[in-house]
Amino acid sequence: IFTLLRTLSNRDRCSEGIFPLIFFHSPFFQIEQRIEPAKRAAHNVQKRLLACLQGQYGADIDKRVKKLPLMALSMTMAESFKELDTDSSLGKALEMSCFIQTMLARILAEFEMALERDVLQPLNKLSEEELPTILKHKKNLQKHISDWNAIKSRLNQAAKNSSNNTSGAAGPGPSSAAIKLENLKEEEEEMKRRVEQSKDEYMADLYHFSTKEDSYAKYFIKLMEIQAEYHRKSLESLDATLAEVKETQNQPDSPFPRDAAVVGVYGMPLETHLKASGREIAVPIEACVMMLLASGMKEEGLFRLAAGASVLKKLKYSLACGSGALGEFYADPHAVAGALKCYLRELPQPLMTFELYDDWLKTASIKEPENRLEHLRDTCSRLPKDNYNNMRYLIRFLAKLAEQQEVNKMTPSNIAIVLGPNLLWPQQTEGCQVQLDMASVSSIQVVGVVEPLIQNADILFPGDIDFDVSGLFTAPSDIKDRDVSAAEEPASSLLSVEPASPQPGERQVV
C-alpha cells in the first residue's frame, strides 16, 4: 500500500492511464469492492429490523409500551379477572398473567429502544451518510481523472501544433499556438493538483473504512447481545412469576393438594400423582373405597354392573379436580365402583407393573398351594413402594368385600374376573397381532393370579389397615349400608356372564 502511494505521489509517473491501472490492481481495490455491498447490507438490514419493531419508532418508553400488543393483552386480562371471584384459581392465574404481560411489554420496549440506539441508528448513518460520502469522493476522483486525461490529450495535440508553427514562423514574438500551449500546461497542472487532492481524499476514506470495518461488524454483534439480554430478562421474569403462580395454585383450597402443573388424576402415572399430591394412596382409590365401605358392601353385582355414563363422568371429574363434594355419589355405588375401575384401567402402567408381568403369570401355573403362596409373597415384595402400598390397600378392601359374598354375590373369583384385567396386562407394541392374541389369553391367567391374592390378603399383606388414610372422606350422616333384597332385582340379571378377558388390544370392562 505504501509503495503504491509513493508511486502515485510521483507526478512524473502520473501519465495518462497510469493511475487507474495501478490503483485497480492494488489492495485498495479489494477494500473498494466492499463499499457498495456494505452500504446495501446496512440499508437492507436496517429496513428489516425496523419492520420487526412492535412499538412506535422513536417514541419514549411509556408511549411505546402503550402501543405494544402485549400491553393490549394485559389490559384485556385485567378486565377479565375483575369479573371472577377473588378466591378463584382461574382469577388468580389470570391476574398473575396480566402482571407478567405488562412486565414483558416493558422489557420489550426497553429492548427496542436499545436496538434503535445501538444498531438501527448506526446502520442508518453508515448506509445514508458515511458510505455514500466515500462513494461520492470516488465519483469525484473518477471525474477528475477523466478531465485530466482529456486536458492531457489536448495538451499533446497543442504541443504538436506549436512545434510545427515554430519551425515555420518568421517573427520574434510568440505565436498564438505557443500561448495556447502555455495555457493548457497551466490548466493541466491545476487538474493534476485536483486529481491528487481527490486521490488523497478517496485514499483517506478507504483507509478510514478499512480501520473501522471491525466497528461496523460490531453493530451486528451488538444486535445479538441486545437480543440475548432481552430474552434473558424475559425468561427470568417468566420463571419468577411462574413459580409464584404455581405456589399460589398449590395452596390447599380443596381437600386434595395438587401441583398446578398437573392436570387431573386419571391417566397420570401413579408415582407422579402421589408425589404431586403428597399422598400415599391415590385419591380415586381411597375415595372410592371409602364410599363403597359406607354404602356399597352389600350391593349385589358390585364392579360387574355398569353405571350411568353421565354420573360416572361427573364422579371422575370431581375426583380429578379435587372436589370434596362427593356426598351425592354415596347413593350410587355402581358409579363409584366404575370410577375405581376406570382409574386402574387408565394408568399408563398397570398397578401390578409391566416388569413383573411374567412373574405374576408364573403363579397361575403353580399347582401346589404353598408354593403358589410363596411365589405370590415374593412377587409382592418386589413391587415398587408406591405400587405395593396401593396394591395392599386395594386387595385388603377386595377381601373385605368378598366377606359379604352371600349378599353381594361377589366371590374372590367374580372380583378377579371383573378387576383382574384392570390390574395387570402385558406391554404391547402397536399393531402387533401376536401380542394382542397373547393379551387375550393371558387375561384368563390374570384371573388365576388376582383370585389367590384376594383369598390370601391377610397373609400376603399383613398388619392392621386403616382405610381412612387421609381422613378426608367421611360419609354423610344419612348414608347407611343399603340392603338390597333379591326380590327387588333378580340375581340372574345382576350376575350376567361377563367375558373373562377384554377384546384384543383393549382394556374394556363393562
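Me: At roughly what angle do the axes of α15 and helix α17 cross?
Reply: Keep in mind that this is a predicted model. Two packed helices are described by the angle between their axes and the distance between the axes. Here the axes of α15 and α17 (residues 412-423) come within 10 Å, and they cross at roughly 155°.

Me: Is α15 roughly parallel or roughly antiparallel to α17?
Reply: Start from the crossing angle of roughly 155°. Angles over 145 degrees count as roughly antiparallel. So α15, relative to α17, is roughly antiparallel.

Me: Is the crossing of α10 and α15 left-handed or right-handed?
Reply: Helix α10 covers residues 283-295 and helix α15 covers residues 385-402, with axes that come within 11 Å and cross at roughly 15°. The two helices are therefore roughly parallel to each other. As for the hand of the α10 and α15 crossing, it's left-handed.

Me: How many charged residues are in the contact of α10 with α15?
Reply: From α10 come I285, E286, V289, M290, L292 and L293, which meet N390, Y393, F397 and K400 in α15. Split by class, that contact has seven nonpolar residues and one polar, and the charged ones number two.

Me: Which side chain meets K192 in a salt bridge?
Reply: Side chains of opposite charge can pair when their charged atoms come close. In this case the N to O distance is 3.9 Å. The partner of K192 is E188.

Me: How far apart are the end C-alpha atoms of residues 178-205?
Reply: An unreviewed UniProt entry annotates this stretch as "coiled-coil region". In the model the chain there is 100% helix and 0% strand. From end to end, the C-alpha atoms of residues 178-205 are apart by 40 Å.

Notes. Residues numbered from 1 in each chain as written. Predicted model: local features only at pLDDT ≥ 70, side-chain atom pairs only at ≥ 80, totals over all residues. Heavy atoms only, no water. UniProt positions renumbered as here; feature names shortened; annotations may be inferred. Helix = DSSP H or I, 4+ residues; strand = E, 2+ residues; numbered from the N terminus. Axes fitted to C-alpha atoms, helices over the stretch in contact; angles between N-to-C directions. Parallel < 35°, antiparallel > 145°, perpendicular 65-115°, else oblique. Left-handed = near helix turned anticlockwise from the far one by under 90°. Contact = heavy atoms within 4.5 Å. Nonpolar A, V, L, I, M, F, W, Y, C, P; charged D, E, K, R; others polar. Salt bridge = Lys/Arg side-chain N within 4 Å of Asp/Glu carboxyl O.
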